[in-house]
Amino acid sequence: PPKRRGPLQTVQRETDDMKRKVDALVQQAGKPGTPDRTETFKRCKELQLAVAETMKKLSKADKPAPVGNYDQCKREEERRLLTLQEHLQSLDFDLQPLDEDAGPSSSQAEQESDEEDSDDEDGSSEDESSGEEVQDDYVADEDNEDTDVGPSDTGQGSVSYVALSAFTGEEEGDLSVQKGEVLKILSKNKDGWWLACNSAGQKGVVPKTFLKLESQQESEGENEDEGESEEETETESDSEPKSSKTSNWDMVRKAITEIDATDVLAAMGAIPSGFRPSTLSRLLEEGTSYRTSHFIQPKLSQSQLSFKDLHLDPDTGKVHGSPSRVSLTLTLWSCRMIPPPGVGLQVLSRHVRLCAFNGTQVLSNIHTVRATYNSKSPKSWSFSPRMAGMLPCLLDGDCFLRCDSESPDLGILFELGVTYIRNSTGERGDLSCGWAFLKLFDESGAPIALRTQELTIHGGTPFERETDLDSTSTKRAASTGVLQQMLLSRKQPKLLVKLKSANARRRELLNLLPDTIVGRLSSLQFLAIYRQILADALLLDRVTMQSADVICNSVLASFPDVLDQPDLMDAFRKSWTESESNLRRSDKRDINVLKQLFVSVYMSSVYPLLYSAAMPAPCWADEDVESQRARFIYSPSQKLSEGTMLSSQCTHQAFDITQVAYDFIIQLLVVSANKCVF
């Protein structure tokens, strides 16, 4: 066959060679009479490092190659490498228990030697020695070494690195290196580009993922000499109780298996360095404390004897509107230059989560808007796509925000996220692709101008500072000229948001809502009517204000759950639009007519679906579940009514009193408890 060339073909050859070595190692370890398991364990570690280095080469193999299905071949190679990595990890677990007794003694010996060396060396050398221990497990994980090296340390051997592979400089200031070349590191920048000097005195920046400590090679040779001392220690520890060894190994195994998946993906180069586990997604998974169904409930005043944000006008019988410190509408336009995840991840959803934020804590519910994606422009996201018919709630980028916090740092937090599934393991997760914060008040306390805002997207989490989303986009930004800086600014990740003041009609509806809440404009009218029905039940229809009896009202009890299910809200909006079109113009302004219509449409369209046993439970970013629910909701055969709900053909969930009864005392206790936590 013709000789394969190019970066991808090189990885294919190396993968084939490592697969043969792994198969031979597995066969050798499976033999019952294996004489030297220590040597087998050592070879397993060496192959793990080799797979990790090849994985890094694969992440860099993006150059054009003479392969027709280049992307498919690249994904196939990644799957092969991940399979080899899993086999080696499994073999590592099988071989490790035999060396349990040698492990503690060898680690103690290493700690004693580190303590002796620390008497002669300064604190910076201790940090670098700890970095060398991390590199023994994974070469690419050098995040703990991102500290600046002083000029006095440039001559020490501890900052001499060896190039793992050849690197060709593409821009001015890059240093081209050859594989195996020894470099002196002059400074280590946080963006991952280190200033190095070669033997010829040439200086330039090199990505840290191409480098490996020179002293690490010497430590590999010293490990062979320490084998005999480890065997002697193993015989001495045989006298210890076996139960303690087992429990210690269980703790080690648990610690290894609970490594965060994001750290593994970042070490493999599958995601950019600025990606993190999603902070807002984790808060949503903890319960209902950050959902709309929680913030729509009324809150008690400071005296605990009346409602703080729910009052009736005695003259009109309507809910008395109350203004809030912040009450505005906003539109998500687009995102650009968002780095996509690696080829090992299948993206299930791209979305933006937003909430009120004061720099330290989330103040409101977390609202989610799903972005649309075009494969021809993989780094751009858009919102509110044009389509025939009604726009789904989840894709609607028109939102509103109300917040009554007096914090001077009050603003809106935007977190860009993706929900993914790993191709190799099938594991699901949520990643943060960056965040942006829009402060709503200036230094003098005046509100900012309501206009289109272009927000810079930062990497890390909202609690991290000066973290780049992608290190390559900000490399040497300070040293370039004006033109280069202008071009570089166009490559910065940005979020485009338009702030607007609400018109008179929307301002009237917003004032009927709780003091703090975030939502979509398409649901604003429904929230206002629900608050009116809630006020009637709590302030008008109760016999006495001291009555704590449960209120029998299916709408009050179940509508908050519908707010957390966008597909049911779409069905409700569709039925509402059809019914409202038959009203007269005067009736559309009559709150009593609208309340009756709200109850009638809700009970005939959404309420039967909410507790149907035939409809799958909601699951975020699961395309199959979303399709099944859509077919069930809009199927003509599933059109239910109150009259057919009791027929034998309709199956429902087991009856619960909470489906028809609203216990406002329990709701108030939950709101008060969460307020104390905030």
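## Cysteines

At 2% relative accessibility, Cys335 counts as buried (buried means under 20% relative accessible area, exposed over 50%, partly exposed in between, with a 1.4 Å probe and protein chains only). Cys197 is buried too, at 14%.

With a disulfide taken as a pair of cysteine sulfur atoms within 2.5 Å, the count comes to zero disulfides. For Cys335, the nearest cysteine sulfur is that of Cys433, 9.6 Å away.

## About the model

This is a predicted model, where local features need pLDDT of at least 70 and side-chain atom pairs count only at pLDDT 80 or more, while totals for chains, interfaces and linings use all residues. Residues are numbered from 1 along each chain as its sequence is written, and side-chain values use heavy atoms, with hydrogens and water left out.

## A helix crossing

Let's turn to helix 14 (residues 524-540) and helix 17 (residues 591-605), whose axes come within 10 Å and cross at roughly 100 degrees. That makes helix 14 roughly perpendicular to helix 17 (under 35 degrees counts as roughly parallel, over 145 as roughly antiparallel, 65 to 115 as roughly perpendicular and the rest as oblique). Axes are lines fitted to C-alpha atoms, for helices over the stretch in contact, and angles run from 0 to 180 degrees between N-to-C directions. Helices (H or I, at least four residues) and strands (E, at least two) are DSSP runs, numbered from the N terminus.

Contact here means heavy atoms within 4.5 Å. Among the residues making the contact are Phe526 and Ile529 of helix 14 and Leu594 and Phe598 of helix 17.

## Positive phi

Ser384 is not a glycine, yet its phi is near 50 degrees. Ser384 sits in the loop between strand 11 (377-382) and strand 12 (398-403) and is partly exposed, at 26%.
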